[in-house]
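The sequence and the coordinates are shown first.

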Amino acid sequence: MRLMQRLVWVLRADLHGALDQLEDKTLLLKQYMREMEEELWRKEARLGQLASARDNIRREISRRTQEAGRLEENLNLVLAQDKDDLARRLIRKLRALKSHLEELERQGADLEAEVSALRDQWSEQRLKLDEIKFRAADYLRRSQRPRWETLATEAAWPGGQGTLDEEEVEIELLRRKESVLGGMVP
């Protein structure tokens, strides 16, 4: 039983390795970047909706404030003429209107805070996306470098270490001396 389980693990690992090789890293990178851009577009649209709602509330506050001012003027006029019944109705209207104004101002402040937070988040994510795009472009440029260029680099520096054997240096020195001196090497 233990042997079968190990065999299944090995087969599963080989299958995952084969799938990893099939996946094109550049295609995945491009797909991830598209998804990040789409998310930024969604946030930008949401930001527009919130800003529009905030502006609507601001306009409504302005209208209601003007209405409250007119009610105050009418109330003063009615009080000057000693019409208490009409004054009571105006006071009720004015109190309801002021309560509504307070609620609108709370909603406006909440929307303003949400717009500000979302704008900051959007700006930060935009900067990160720009940085990722730059890095991705560099990666894609390096990954699409011609194979012969990679092979030439590896051939010039065996093992990728950039060091030569002392014997190879001595042999090269002797060859160069021979070519310079015209075969007169002692």
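Glu-60 counts as buried, because its relative accessibility is 18% and the limit for that class is under 20%. The side chain of Glu-60 forms a salt bridge with that of Arg-63, at 2.6 Å from N to O. Arg-63, by contrast, counts as partly exposed at 46% relative accessibility. Both residues belong to helix α2, where a spacing of three residues places them about one helical turn apart. A network of salt bridges with shared partners also occurs, and it joins Arg-54, Asp-55, Arg-58 and Glu-112.

**Overall architecture**

The model is predicted. The chain contains five helices and zero strands, and its elements therefore follow the order α-α-α-α-α from the N terminus. Of its 186 residues, 16% are buried. The accessible surface amounts to about 15200 Å², and carbon and sulfur atoms account for 55% of this area. When contacts between residues at least 6 apart in sequence are considered, 77% of them connect residues at least 24 apart.

**The nonpolar core**

The largest nonpolar core has 17 residues; those touching the most other members are Leu-50, Ile-61, Ala-68, Leu-71, Leu-75, Leu-90 and Leu-94. Helices α2 and α3 each contribute at least two residues to this core, and the largest share, nine residues, is supplied by α3. In soluble globular proteins, nonpolar side chains tend to be buried together. Beyond residues up to four places away in sequence, Ile-61 touches Leu-101, Leu-104 and Glu-105.

**Salt bridges**

The structure holds 17 salt bridges. Side chains of opposite charge can pair when their charged atoms come close.

| Residue pair | Distance, N to O |
|---|---|
| Lys-133 and Glu-37 | 2.5 Å |
| Arg-46 and Glu-114 | 3.5 Å |
| Glu-60 and Arg-63 | 2.6 Å |

Lys-133 and Glu-37 meet in a salt bridge. Lys-133 is in helix α3 and Glu-37 in helix α2, so this pair ties together parts of the chain 96 residues apart in sequence. Lys-133 is partly exposed, with a relative accessible area of 27%.

A salt bridge also joins the side chains of Arg-46 and Glu-114. This pair links distant parts of the chain, with Arg-46 in helix α2 and Glu-114 in helix α3, 68 residues apart. Arg-46 is partly exposed at a relative accessible area of 38%, and Glu-114 is partly exposed at 37%.

Arg-54 lies in helix α2, which spans residues 25-80. Arg-54 is buried, because its relative accessible area is 10% and the cut-off is under 20%. Its side chain makes a polar contact of 3.4 Å with the side chain of Glu-112. Leaving aside neighbours within four places in sequence, the residues in contact with Arg-54 are Leu-111, Glu-112 and Val-115.

Gln-125 is located in helix α3, residues 84-143, and counts as partly exposed at 28% relative accessibility. The side chains of Gln-125 and Lys-43 are joined by a polar contact of 2.7 Å. Apart from residues up to four places away in sequence, Gln-125 touches Leu-40 and Lys-43. The C-alpha atoms of Gln-125 and Met-36 are separated by 8.9 Å, although these residues are 89 residues apart along the chain.

Key. Residues are numbered from 1 along each chain as its sequence is written. This is a predicted model: local features need pLDDT of at least 70, side-chain atom pairs count only at pLDDT 80 or more; totals for chains, interfaces and linings use all residues. Side-chain values use heavy atoms; hydrogens and water are left out. Helices (H or I, at least four residues) and strands (E, at least two) are DSSP runs, numbered from the N terminus. Buried means under 20% relative accessible area, exposed over 50%, partly exposed in between (1.4 Å probe, protein chains only). Contact means heavy atoms within 4.5 Å. Accessible areas come from the Shrake-Rupley method with a 1.4 Å probe; for residues, only the protein chains shown count as cover. A polar contact is a pair of N or O atoms within 3.5 Å; within protein, one must be able to donate a hydrogen and the other to accept it, and residues adjacent in sequence count only if both atoms are side-chain atoms. A nonpolar core is a set of buried Ala, Val, Leu, Ile, Met, Phe, Trp, Tyr and Cys residues joined through side-chain atoms within 4.5 Å. A salt bridge is a side-chain nitrogen of Lys or Arg within 4 Å of a carboxyl oxygen of Asp or Glu.
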